[in-house]
Amino acid sequence: MLTNWQITPGLGSELDAGLQLIELGDGDLHELKQLAAERGVVVARSQVMSLEQQAAFAHRLGEPLTSPANKAGVPPELLIIKADETSKHAAGEGWHSDVSSEAEPPGLSMLRMQEVPQSGGDTLFANMYAAYDSLSPALQAFTATLTARHDPLGHYLYLSGAATLAELPSSIHPVVRIHPQTGRKALYVNVGFVSRIMELSRRESTALLQLLYDHVAYSANIQCRVSWQPGTVVFWDNRCVQHFAAFDYFPQRRLGYRATIRGEKPIAVK
Ligand code: SIN
């Protein structure tokens, strides 16, 4: 039984201190995935794990996406998340769901932080079940009939092995998806990847997307924030949360490694 406490009543759980992820059995792992599906975000502190152990753990979660252009010594299952004194931007600086342009976009992401700035560098999360539930019934019903095109706009091209964004896939997904583990409805459009809503004119699409993005960004009551320490590992379920990496620590350094686990084709509302 994984004991944990809630970060906010609606979003995020932190596992009790003392637990080492790499020692978990299959039953605990199943519980971890279910907790992530229900709570959106799961935090584990003080984890001792090498790059190879994190890559092996990622395989226990499912099929990791790979970064074939990683520098030597970093397993292809891990994406390097790094910003330092030379960085103009940081990865994930804007609300998004990881690589939603994939045909089977990620379910879980697992980010392990190795180096942190003296302060700052938090990650913000927003609950997409609550984003959907807090729309008016008329807008809930309308958005559930729509699909959106996700282009690889926010893709980390330099790590993908592709030469141009055009080589990477685009996909059309429902604007509201059903989470396969919880059966709950979640809003599934994000500013990092979505280019348009298919059933609407360009002008209508732009206006509705802006409304939905503002709803996510300005609804502080559906968000939580995680502060990192070296050894913190955070799992988030991209099917039901978006996240935003605050880049408020320049020119300090922040370094972590993310495993991104393939999900399934998003399930539309019938
Ligand atoms: C990301 O995966 O988008 C980056 C998250 C972070 O660096 O906190």
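Proline 251 is found in the loop between β14 and β15, where helices (H or I, at least four residues) and strands (E, at least two) are DSSP runs numbered from the N terminus. The peptide bond that leads from phenylalanine 250 to proline 251 is cis, with omega near 5 degrees. The model is a predicted one, in which local features need pLDDT of at least 70 and side-chain atom pairs count only at pLDDT 80 or more, whereas totals for chains, interfaces and linings use all residues. Residues are numbered from 1 along each chain as its sequence is written, and side-chain values use heavy atoms, with hydrogens and water left out.

Most residues other than glycine have a negative phi, and most peptide bonds are trans. Against this background, serine 46, in the loop between β3 (41-44) and α2 (51-61), has a positive phi near 55 degrees. Valine 99 likewise has a positive phi, near 35 degrees, and lies in the loop between β4 and β5.

Of the 13 residues around the ligand, His96, Thr123, His243, Arg254 and Arg258 come nearest, a residue being near a molecule if one of its heavy atoms lies within 4 Å of it. The shell divides into 6 nonpolar, 4 polar and 3 charged residues, with Ala, Val, Leu, Ile, Met, Phe, Trp, Tyr, Cys and Pro counted as nonpolar, Asp, Glu, Lys and Arg as charged, and the others, Gly among them, as polar.

Oxygen atoms of the ligand lie 2.5 Å from an N or O atom in the side chain of threonine 123, 2.8 Å from one in the side chain of arginine 254 and 2.7 Å from a polar side-chain atom of arginine 258. The protein covers 100% of the 260 Å² of accessible area that the ligand has on its own, areas being computed by the Shrake-Rupley method with a 1.4 Å probe.

Aromatic pairs, defined by ring centres of Phe, Tyr and Trp (its six-membered ring) within 6.5 Å, number 5. Tryptophan 95 and phenylalanine 244 form one that is edge-to-face, at 5.6 Å centre to centre and 70 degrees between the planes, where planes under 30 degrees apart count as stacked, over 60 as edge-to-face and the rest as tilted. Because tryptophan 95 lies in the loop between β4 (78-83) and β5 (106-115) and phenylalanine 244 in strand β14, this pair ties together parts that are 149 residues apart in sequence.

Notes. A polar contact is a pair of N or O atoms within 3.5 Å; within protein, one must be able to donate a hydrogen and the other to accept it, and residues adjacent in sequence count only if both atoms are side-chain atoms.
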